[in-house]
Amino acid sequence: MPTKKSLHSRDRALLENLWREPIERDVLPNGLTVLLKKDGAAPVVSVQVWVKTGSIHEDKNLGAGLSHYLEHMLFKGTERRAGREISATVQAHGGYINAYTTFDRTVYYIDMPASHTAVAIDLLADAVLHSTLPAEEVVKEKEVILREIDMCLDDPDQRLSQALFETAFRAHPYRQPIIGHRDVFAAITRDELVAYYRARYVPNNLVLVIAGDFDPAATRAAIAEHFGAAPRARLAPVLVPDETMQLARRDRHLYEEVQVSRAGLGWQIPGLTHPDAPALDMLAMVLGHGDSSLLWQSLRERLRLVHTIDAMAWSPGTSGLFYVSYLADPAKRVAAEKAILAELARIERRGLSPRALAKAVRQAVVSEINMRKTMSGQASRLGSGEVVVGDIHYGRRYFEQLFALTPGDLRRVMRTYLVPERLTVVSSNPAGSQPAGHGAGVRAAASLDFEEIALPNGARLLLQPNDQLPSLHLRLAFAGGPMYEPDDRRGSGALLANLLAKDTRRRTAEEVARAIEEVGGSFSEFSGNNSFGLAAEVLPGDADLALDLITDAVRQPAFKASRLAIERESALAALKESLDDVVTVGRKSLRRHFFGSHPFAVETIGDEAGLAAVQADDLRALHRRLVVAGNAVLAVAGAYDARRLVPRLKRFLLSLPRGAVPTPDRPLAVTAGDFSENQPRQQAVVFQAFPGPGMLAPDYAVSEVADELFSGMSSHLFERVREQKSLAYFVRSSRLVGLRQAMFYFYAGTSPQRHAEVIAELDLEVERVRQGRVSPDELRRCQVRLKAGKRMGLQTNSARAMQAALNAVYGLPVNDWRTYDARIDAVTLDDIRAFAERYFQRSQRVQLVVKP
């Protein structure tokens with residue numbers, strides 16, 4: 001293995017190239033901070049407005065969720081535009097608009113083709129600085145957010161998170177939920193919302209960040225026109241109290257309607273700018289980042305006490321938490337907590353190895369590179385530096401500190417911060433389980449085309465050189481999924497993919513994880529309704545390791561009975577965990593009713609009976625049948641030495657056994673019906689499902705447009721059901737797609753008292769489309785949005801490799817992105833009407849209502 005010094009030199013050189021990329025920072029006369037980063041790697045731009053206000057700045061209204069309320073309201077109308085016009089304009093220009101709120105900031109952003117940068121600047125300036133907050137919309141959106149709060153109350157992960165923050169923080173506003181307490185939020189008036197908006201949304205409290213292939217002169221002019229005219233305003237400081245020193249352990253344990261135990265251990269730590277922050281970050285990575293991490297290996301692999309475990313150092317401001325979280329069977333939760341504390345004590349006594357630290361630093365380097373894959377990621381990195389840290393070049397100083405760390409530094413921060421008196425323990429457990437007595441310059445654009453090489457044994461190699469970033473992605477894909485599984489072994493395909501990424505005859509699962517994590521890479525499996533495979537992403541110098549791991553996985557899998565038991569147990573736990581989400585429960589039930597005896601009736605992960613029945617010999621048989629040359633596609637995208645790597649890729653593919661895999665054909669017969677199920681939840685969820693075309697059908701492009709028609713904030717369905725009638729927090733369509741058949745479905749989250757109204761609105765919308773009352777403007781917006789989404793979805797090496805590989809596996813053109821725009825533009829209003837008439841028939845509809 002390279003020495004620590006040589007690794008750091010190599011990694012520093014990679015980062016220096018990125019840090020040298022020019023960033024323009026300016027402050028306008030009105031106090032607005034502007035950050036511009038020109039990048040020509042893709043014809044895309046991300047325009048973001050970071051408002052330096054979040055839930056901790058709500059002062060006398062602390063706990064009301066004013067910041068989040070404003071985030072919802074800023075697209076509801078301005079002095080120049082009606083509410084719907086904002087999202088409609090974005091979609092008309094092929095863009096995507098969204099926002100989010102955190103403790104210390106609210107961010108509004110638009111990603112769209114770079115040719116429309118000025119449009120994004122105009123829209124965001126108008127929304128952020130000139131919103132009117134219409135009274136009727138304030139009332140409607142309050143109902144929507146109340147539904148969102150109910151959703152949070154239904155989510156056990158959200159409940160556990162709130163329990164942690166309320167327990168760990170006694171003085172700091174972090175203890176208040178960002179969305180607000182339900183009763184406090186419900187009492188907020190429009191006058192209070194307007195006052196908060198006028199006080200905090202002023203130019204001298206904003207940061208405008210733009211990254212992408214924009215025209216600099218035109219962009220500066222647009223900024224001056226739309227942002228520069230707003231006057232500087234008085235900006236009163238908001239007192240945010242520091243957290244007092246914790247002096248003793250704190251516990252909070254919830255017993256509620258869940259299937260598995262979720263738990264966490266948190267210790268108070270200082271904020272991001274503290275000198276110990278880098279060491280705490282690396283300690284978290286060593287302890288709980290990846291399958292080779294110390295806690296994963298000890299608690300999951302050896303002791304078998306948890307299904308998942310990870311660690312993080314969360315330190316956004318002046319104080320934070322070092323948090324170890326895990327998922328366990330209820331009977332093992334307490335034992336797991338004791339084992340974690342014992343393992344930490346053992347590590348603190350013995351210290352950490354230089355190798356473990358080097359792995360963590362490499363992971364941080366790779367993460368820094370990966371943040372720059374998309375324009376949105378680059379803009380977010382700059383915004384975070386400016387708003388959260390106060391220094392857009394903080395990354396350079398941070399990594400200098402990382403490269404200087406020693407194992408002794410990590411041991412020192414363990415002894416300083418991970419001490420009993422700073423510990424907070426929280427858990428969420430099934431009701432009734434409480435134990436007795438318990439207490440370099442601009443990058444140029446790269447080609448999106450893959451070169452396709454067909455090998456004599458039927459395997460295919462897809463190549464896309466891309467030197468924009470020092471990153472390389474390999475994706476090996478096979479046809480697979482439920483259609484290829486025995487009926488009594490549902491989930492065997494997902495288990496096969498999972499075990500391929502674990503033990504081989506040359507390496508244990510721990511050795512596999514350690515090998516890839518030491519170089520900061522990733523190696524994982526994937527499985528879906530129609531395919532499965534392996535993916536590896538590394539820096540270019542580690543290409544040999546990535547290919548070696550993939551080769552080992554498919555040519556020498558071990559299929560150990562002990563490993564199968566661990567992964568089966570984890571899959572069963574995941575099934576139980578999914579039962580805690582009402583939408584997931586409903587979607588599972590919808591699949592069963594809709595698909596009946598068809599393999600798609602059971603999700604890819606399988607069901608309890610199928611998972612329990614799977615044996616190692618079943619996986620070996622499935623491996624022999626599916627992992628053959630005629631079923632294999634290897635897509636490679638990124639920076640690599642073609643003369644050296646391509647011959648090795650070919651040798652690997654030629655080593656696969658010959659063979660082909662016929663595509664199964666299981667006809668779908670839908671039995672229509674209306675169904676109702678009761679779940680102990682606050683909200684109701686409505687589903688309506690119809691048959692739809694598969695990926696190989698001639699009208700598949702029409703189904704894509706139809707799906708877009710019913711989805712998004714500017715859709716007629718969303719506008720009527722949520723905006724006008726406030727019937728649902730979310731409402732949209734989706735698809736579950738196979739090669740020859742699909743389920744096209746609608747779903748909406750609503751209150752139990754109003755689900756019948758939502759059903760009536762879904763029926764009205766379906767009938768509207770069947771009668772051909774979709775407007776030309778609606779169709780055009782859908783087409784523009786889909787085409788722009790396709791371009792935005794091809795920004796990363798992994799996304800491009802995935803799409804190309806799956807296209808080849810499914811029998812579609814590898815470079816079908818070239819004709820995508822034409823296929824979408826060819827869809828007409830008559831096509832949409834005919835599609836609805838053909839598929840949206842009451843006689844083949846499956847309707848499901850899940851309610852309390």
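**Exercise 1. The open sheet**

What is the order of the strands in the open sheet of 6 strands, and what kind of pairing does the sheet have? Identify also the edge strands and the helix that packs on the sheet.

*Solution.* The structure is a predicted model.

Step 1. Read across the sheet, the strands follow the order E12-E13-E17-E14-E16-E15, and their pairing is mixed.

Step 2. Strand E12 (451-454) and strand E15 (522-527) each pair on one side only, which makes them the edge strands.

Step 3. On average, neighbouring strands of this sheet are turned by 15° against each other, direction ignored.

Step 4. Within the sheet, strand E13 (residues 460-465) is paired with strand E17 (residues 632-638) in the parallel sense, over 6 bridges. Gln-464 has Ala-637 of E17 as its bridge partner.

Step 5. The helix packed on the sheet is H29 (residues 797-810), which touches E13, strand E14 (472-479), E15, strand E16 (531-538) and E17. The direction of H29 makes about 25° with that of E14.

**Exercise 2. Two helix pairs**

Determine how helix H2 is placed against helix H8, and how helix H5 is placed against helix H6.

*Solution.* Two packed helices are described by the angle between their axes and the distance between the axes.

Step 1. For H2 (residues 66-73) and H8 (residues 190-200), the packing angle is about 90° and the axes are 10 Å apart. Angles of 65 to 115 degrees count as roughly perpendicular, so H2 is roughly perpendicular to H8.

Step 2. H2 contributes Leu-66, Ser-67, Tyr-69, Leu-70 and Met-73 to this contact, and H8 contributes Glu-192, Leu-193, Tyr-196 and Tyr-197. By class, the residues of the contact of H2 with H8 are 7 nonpolar, 1 polar and 1 charged.

Step 3. For H5 (residues 135-154) and H6 (residues 156-168), the axes come within 5 Å and cross at roughly 85°. H5 and H6 are therefore also described as roughly perpendicular to each other.

Step 4. Cys-152, Leu-153 and Asp-154 of H5 meet Pro-156, Gln-158 and Arg-159 of H6. The contact of H5 with H6 comprises 3 nonpolar, 1 polar and 2 charged residues.

**Exercise 3. Two covered helices**

How many residues of helix H18 are buried, and how many of helix H11? State what covers each helix.

*Solution.*

Step 1. In H18 (residues 509-518), 7 of the 10 residues are buried: Ala-509, Val-512, Ala-513, Ala-515, Ile-516, Glu-517 and Glu-518.

Step 2. These buried residues of H18 pack against helix H13 (354-370), E15, E16, helix H19 (543-555) and helix H20 (561-578). Just after H18, Gly-520 adopts a positive phi of about 75°.

Step 3. In H11 (residues 294-302), 7 of the 9 residues are buried, among them Trp-296, Arg-300 and Glu-301.

Step 4. The cover over the buried residues of H11 includes helix H10 (277-288), strand E9 (308-314), strand E10 (319-328), helix H12 (333-350), H18 and H20. Arg-304, which follows H11, has a positive phi near 60°.

**Exercise 4. The setting of Lys-359**

Is Lys-359 buried or exposed, and which residues is Lys-359 in contact with, leaving aside its neighbours within four places in sequence?

*Solution.*

Step 1. Lys-359 belongs to helix H13. Its relative accessible area is 6%; the cut-off for buried is under 20%, so Lys-359 is buried.

Step 2. Beyond the neighbours within four places in sequence, Lys-359 is in contact with Ser-292, Ser-293, Arg-514, Glu-517 and Glu-518.

Step 3. The side chains of Lys-359 and Glu-517 are joined by a polar contact of 3.4 Å. Glu-517 is itself one of the buried residues of H18.

Step 4. Lys-359 and Val-286 lie 73 residues apart along the chain, with 7.8 Å between their C-alpha atoms.

Methods. Residues are numbered from 1 along each chain as its sequence is written. This is a predicted model: local features need pLDDT of at least 70, side-chain atom pairs count only at pLDDT 80 or more; totals for chains, interfaces and linings use all residues. Side-chain values use heavy atoms; hydrogens and water are left out. Two strands pair if DSSP finds at least two bridges between them. Helices (H or I, at least four residues) and strands (E, at least two) are DSSP runs, numbered from the N terminus. Axes are lines fitted to C-alpha atoms, for helices over the stretch in contact, and angles run from 0 to 180 degrees between N-to-C directions. Contact means heavy atoms within 4.5 Å. Angles under 35 degrees count as roughly parallel, over 145 as roughly antiparallel, 65 to 115 as roughly perpendicular and the rest as oblique. Ala, Val, Leu, Ile, Met, Phe, Trp, Tyr, Cys and Pro count as nonpolar, Asp, Glu, Lys and Arg as charged, and the others, Gly among them, as polar. Buried means under 20% relative accessible area, exposed over 50%, partly exposed in between (1.4 Å probe, protein chains only). A polar contact is a pair of N or O atoms within 3.5 Å; within protein, one must be able to donate a hydrogen and the other to accept it, and residues adjacent in sequence count only if both atoms are side-chain atoms.
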